[in-house]
Amino acid sequence: MSQLKNDRYLRALQCLPVDYTPVWIMRQAGRYLPEYRQLRLTAGSFMNLCQTPELACEVTLQPLKRFDLDAAIIFSDILTIPDAMGLGLHFETGEGPKFIKPIINVTDIKQLPIPDPEQSLKYVMDAIRLTRKELDGKVPLIGFSGSPWTLATYMIEGGSSKSFTKIKKMMYSNPKALHLLLEKLANSVALYLNAQIKAGAQSIMIFDTWGGVLSHQSYQEFSLYYMQMIISELIRGTKSADMLSYVPVTLFTKGGGLWLEPIRQTGCDAIGVDWTVDLNKIKSKGQIAIQGNLDPSVLYADKSTIESNVEAVLTEYGYHNGHIFNLGHGILQDIPVEHVQHFIHAVHQQSKRFHCD
Ligand code: CP3
């Protein structure tokens, strides 16, 4: 196993001291990069990029060639699981994801298979194995999945949604059916993430993009419960002086700022927070790692505005260990590449003074 040349991200995830705050960007490989757009054109479709390990590996490495990032995230999508369950995922230009066979009733749910990750999702594992080899220990590689709740929203709504009426209708009129779906998804996600760990993922992130549309009670019952189930099933290894012996888990619920304490109790190693959270007010800083939380739109601003906003986030977090700098959600597709460069440089430069012993 190759040595890790930059372990700041893994150290911060365990709340250990670092010399500056590690940074990576959600959706760091994507459409704001001209080389991504070019490769996407050659590949013909987004799914072809994901399903061809050599291309997925190349896209994963694109942002690392440009920027001094402290982690790589495998290029894929959260909707690979529903696709492997047979829902037929496709992306229509400018319209986001769509399923040919969305979930309509309990019969559909009962018929769903639990995918074997080394069969129908082998392309993800192959991409991870190849990317680890290509990275050669430069930075750690993050594996990921959607949360059961977030995956279920796409499977039931048939694609992206603003109001979530179909899934909420099922939640209140037939909660048993929804629980059956969430349980199947939790089992599938646990198998999928353990396979990613086995293939070489060095940290895991669970994206609960739509947990924040739930009431606080339903959040516990329909989203957090299943994420906790997954976390308890992950084979994470043991913490030791060797950063590579443990695979930390980050849980990100967009809009979950009011639920940080219940999220912490799932046993995750880090909590991802969006820009609505005041990092000053997080009581458990230093005991659990925090990832975030610059408003992604700040990257539209000029250099000095980006710098002052980075400074504000660093100051809010303060002198505690365990901060991983990121945006509060994915990078927007029309952000100028030079602004991303300024942002990463600003985090590294300005964070040094927060880490002096
Ligand atoms: O972070 C990374 O660089 C890794 C790659 C990654 C993608 N999607 C690539 C992608 C990751 C981690 C995701 C996660 C994902 N996918 C989430 C959770 C994170 C979040 O942003 O909330 C969600 C909800 C999805 C579902 C999804 N995939 C949507 C809604 C869309 C279309 C909307 C959009 O942003 O374009 C996608 C497509 C997608 N996934 C693209 C990329 C680069 C764009 C596809 C293209 O090139 O046309």
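This is a predicted model: local features need pLDDT of at least 70, side-chain atom pairs count only at pLDDT 80 or more; totals for chains, interfaces and linings use all residues.

A polar contact here is a pair of N or O atoms within 3.5 Å. Keep that cut-off in mind for the ligand, where an oxygen atom lies 2.5 Å from an N or O atom in the side chain of Tyr-36.

**Overall build**
- You'll find 14 helices and nine strands in the protein.
- The radius of gyration comes out at 19 Å, close to the 21 Å that the globule rule gives for 357 residues, so the protein is as compact as a globular protein of that length.
- Taken along the principal axes, the C-alpha atoms fill a box of roughly 60 × 45 × 40 Å.

- Arg-31 has a side-chain N or O atom 2.4 Å from an oxygen atom of the ligand.
- On its own the ligand has 870 Å² of accessible area, and the protein covers 90% of that.

**Where the ligand sits**
- Look for the ligand in the largest pocket.
- Two elements give two or more residues each to the shell around the ligand, namely α2 (34-43) and β3 (96-99).
- In total, 24 residues surround the ligand, and the closest are Arg-27, Arg-31, Tyr-36, Thr-209 and His-329.
- Sorted by class, that shell has 14 nonpolar, six polar and four charged residues.

- As background, most peptide bonds are trans, and most residues other than glycine have a negative phi.
- The peptide bond from Gly-292 to Asn-293 is cis, with omega near -5°.
- Asn-293 belongs to strand β8, which runs over residues 289-294.
- Cys-15 isn't a glycine, yet its phi is positive, at about 55°.
- To find Cys-15, go to the loop between α1 (8-13) and α2.

Definitions and conventions:
Residues are numbered from 1 along each chain as its sequence is written. Side-chain values use heavy atoms; hydrogens and water are left out. A residue is near a molecule or strand if one of its heavy atoms lies within 4 Å of it. A polar contact is a pair of N or O atoms within 3.5 Å; within protein, one must be able to donate a hydrogen and the other to accept it, and residues adjacent in sequence count only if both atoms are side-chain atoms. Accessible areas come from the Shrake-Rupley method with a 1.4 Å probe; for residues, only the protein chains shown count as cover. On a 1 Å grid over the protein atoms alone, a cavity is a set of points where a 1.4 Å probe fits but cannot get out, and a pocket is an open set with protein on both sides within 12 Å along at least five of seven lines; lining residues have an atom within 4 Å of a point. A molecule sits in a cavity or pocket if more than half of its atoms lie within 2 Å of its grid points. Helices (H or I, at least four residues) and strands (E, at least two) are DSSP runs, numbered from the N terminus. Ala, Val, Leu, Ile, Met, Phe, Trp, Tyr, Cys and Pro count as nonpolar, Asp, Glu, Lys and Arg as charged, and the others, Gly among them, as polar. The radius of gyration is taken over C-alpha atoms; the globule rule is 2.2 Å times the number of residues to the power 0.38.
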